[in-house]
Amino acid sequence: MALVTSKGAPYARVMGLGAAVPSRVVDNAEMCTYIDSSDEWIQQRTGIVERRWVSEGETVESLSLDAARQAIAHAGLTPSDIDAVIISTISHLVQTPSLAAIVAAKIGCTDAAAFDIAAACAGFCYGLAQAESLVRSGAATHVVVIGAETLSKLTDHHDRSTAFLFADAAGAAVVGPSETSAMSPVVWGSDGHQADVIQMTRTWSEAVDEGKPSQVAMAGQQVFRWATGFIADATSRILEASGLAPDELDLFVPHQANNRITDAMLRHLKLPETVTVARSIKKYGNTSAASIPLALVELIESGEAKSGDTCLMIGFGAGLVYAGQVITVP
Ligand SMILES: CC(C)(COP(=O)(O)OP(=O)(O)OC[C@H]1O[C@@H](n2cnc3c(N)ncnc32)[C@H](O)[C@@H]1OP(=O)(O)O)[C@@H](O)C(=O)NCCC(=O)NCCS
């Protein structure tokens with residue numbers, strides 16, 4: 001007798017999207033009460049005008065729940081249709097159980113497989129790649145992928161090199177079966193030789209022993225060089241792997257790290273002017289794993305993106321890691 005193996009859908013697609021941001025707006029004027037900077041400097045160097053930070057009652061869990069519920073409703077599904085939940089986060093400060101298991105239960109995804117991944121600002125695209133594989137292998141039918149961060153809790157608000165950049169949000173997508181192609185092959189990778197370029201200042205046990213918090217530290221210029229060189233090139237490889245010509249693209253949604261990085265990518269990619277480029281960093285700062293779904297939802301809500309559009313995405317960040325693919329907008 002031969003073992004039974006799983007059999008999945010011919011293709012996978014993103015069926016629904018959702019996003020959630022905290023209510024508290026922290027503008028550059030408030031930021032400049034924490035660090036020696038100016039609204040002009042922050043806008044000119046990054047494009048950020050304001051960002052959101054969690055306040056009383058808002059957590060990485062509550063943002064995840066909100067975004068996931070929206071994505072499931074947008075997909076036309078109910079929680080009982082979901083059989084796997086993946087959350088990319090570094091902000092869930094309990095090592096076990098996973099945030100995904102808690103969120104799956106609270107949403108009502110009964111008996112869904114659930115696990116967290118840590119791929120920093122590339123986490124949403126890493127999660128999408130996993131979800132696509134699960135659906136096409138038959139291991140799952142409908143997967144919720146969430147990118148959620150509360151980096152305001154992991155950033156030194158008085159650190160001039162990080163405080164103005166990082167912020168809080170969650171974004172989510174439901175991935176399910178499709179009869180036609182709607183997600184290109186993922187292009188992804190890592191370079192642990194550059195692990196020290198963006199990293200936490202100490203382990204959790206060192207934080208306890210030393211009585212000091214563990215926070216994100218970054219060598220900004222090194223990240224900038226990597227993102228405008230290697231990552232711009234990786235973005236070209238994603239487009240090439242998708243089989244689409246640049247003029248067949250409708251949307252470009254890069255990780256919202258910095259407008260100047262996005263500008264450098266655009267110079268490298270030479271995309272036609274008909275391609276709409278996400279710039280949600282202006283309102284939300286760098287929300288890490290949440291930034292791509294948040295930016296895409298913003299484009300849909302503003303009417304700049306519509307169902308059926310082709311969307312090139314690239315996430316990149318601490319690790320160093322990167323991942324991206326082209327999807328069809330649900
Ligand atoms: C962080 C970043 C905006 C800093 O810009 P930069 O041009 O590299 O800044 P530098 O550290 O070289 O400093 C340049 C000048 O600005 C000043 N400066 C640094 N931080 C400042 C701040 N927050 N406000 C005002 N001035 C600041 C420095 O003192 C320096 O002044 P000087 O020329 O008089 O000596 C930039 O490196 C960057 O965007 N990197 C990528 C970060 C990123 O996207 N990370 C996330 C990836 S997931």
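Rings of Phe, Tyr and Trp (its six-membered ring) form an aromatic pair if their centres lie within 6.5 Å, and the pair is stacked when the planes are under 30 degrees apart, edge-to-face when they are over 60, and tilted otherwise. By this definition the structure, a predicted model, holds 5 aromatic pairs.

In one of them, the ring centres of Tyr 34 and Trp 53 lie 5.9 Å apart with the planes at 20°, so the pair is stacked. Because Tyr 34 sits in the loop between helix H1 (28–31) and helix H2 (39–46) while Trp 53 belongs to strand E3 (residues 50–53), this pair ties together parts that are 19 residues apart in sequence; helices (H or I, at least four residues) and strands (E, at least two) are DSSP runs, numbered from the N terminus.

Phe 230 and Tyr 322 form an edge-to-face pair, with 5.3 Å from centre to centre and 75° between the planes. Phe 230 lies in helix H7 (residues 220–242) and Tyr 322 in strand E14 (residues 321–328), so that this pair links distant parts of the chain, 92 residues apart.

The table gives the accessibility of these residues, where buried means under 20% relative accessible area, exposed over 50%, and partly exposed in between (1.4 Å probe, protein chains only).

| Residue | Relative accessibility | Class |
|---|---|---|
| Tyr 34 | 25% | partly exposed |
| Trp 53 | 3% | buried |
| Phe 230 | 39% | partly exposed |
| Tyr 322 | 7% | buried |

Over the protein, buried residues make up 53% of the 330 residues, and the secondary structure comprises 10 helices and 14 strands.

Residues are numbered from 1 along each chain as its sequence is written. Local features need pLDDT of at least 70 and side-chain atom pairs count only at pLDDT 80 or more, whereas totals for chains, interfaces and linings use all residues, and side-chain values use heavy atoms, with hydrogens and water left out.
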